[in-house]
Amino acid sequence: ALLCTLERTAGVATKFREDVEAIVMSGDKFEHVYGMCSVAVDVGRRDRLRKKVREKHGIDLTVLDGVWLAENLADPDLFWVAEEYVGSSQTC
């Protein structure tokens, strides 16, 4: 499953926990959840969140934060994604 948030405060961990709860309550079975956010999530917070989700639901959580997004969108093979969808000077 995939969850994402544009939360810009320390509330990212809470939002992820709430979204994982909603995913679990859907009744569908998942072994892994990917969580994306635009802010940086420090390693300690990420590890605590992953541990809580694993212990409570038996689901692995991978957090793809703003640092991960920036690093991966700078990759030459993916830079077109950043040009196309992130910071484009084109108007809608």
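Me: What is the accessible surface of the protein chain, and how much of it belongs to carbon and sulfur atoms?
Reply: It comes to about 6600 Å². Carbon and sulfur atoms hold 55% of that. The areas come from the Shrake-Rupley method with a 1.4 Å probe; for residues, only the protein chains shown count as cover. This is a predicted model: local features need pLDDT of at least 70, side-chain atom pairs count only at pLDDT 80 or more, and totals for chains, interfaces and linings use all residues. Residues are numbered from 1 along each chain as its sequence is written, and side-chain values use heavy atoms, with hydrogens and water left out.

Me: Why is threonine 5 called buried?
Reply: Buried means under 20% relative accessible area, exposed over 50%, and partly exposed in between (1.4 Å probe, protein chains only). Threonine 5 has 8%, so it is buried. Buried residues make up 25% of the 92 residues in the chain.

Me: What makes a stretch a helix or a strand?
Reply: Both are DSSP runs, numbered from the N terminus: helices are H or I with at least four residues, strands are E with at least two. The chain has four helices and three strands. Their order along the sequence is β-α-β-α-β-α-α. Threonine 5 belongs to strand E1, residues 2-5.

Me: Which residues does threonine 5 touch?
Reply: Contact means heavy atoms within 4.5 Å. Leaving out residues up to four places away in sequence, threonine 5 touches Val12, Lys15, Phe16, Met36, Cys37 and Ser38. With the same exclusion, phenylalanine 16 touches Leu3, Thr5, Gly35, Met36, Cys37, Leu49 and Val63.

Me: What makes a set of residues a nonpolar core?
Reply: The members are buried Ala, Val, Leu, Ile, Met, Phe, Trp, Tyr and Cys residues, joined through side-chain atoms within 4.5 Å. The largest such core has 15 residues, and Phe16, Val33 and Leu49 have the most contacts inside it. Helix H1 (12-25), strand E2 (32-37), helix H2 (43-57) and strand E3 (60-64) each supply at least two residues. H1 gives the most, with five.

Me: Which residues form a nonpolar patch on the surface?
Reply: Leu78, Trp80 and Tyr85 do, with about 380 Å² of accessible area together. Nonpolar side chains (Val, Leu, Ile, Met, Phe, Trp, Tyr) are joined within 5 Å, like charges within 9 Å.

Note on methods. Patch = residues over 30% accessible without salt bridge, like charges linked within 9 Å, V, L, I, M, F, W, Y side chains within 5 Å. Salt bridge = Lys/Arg side-chain N within 4 Å of Asp/Glu carboxyl O.
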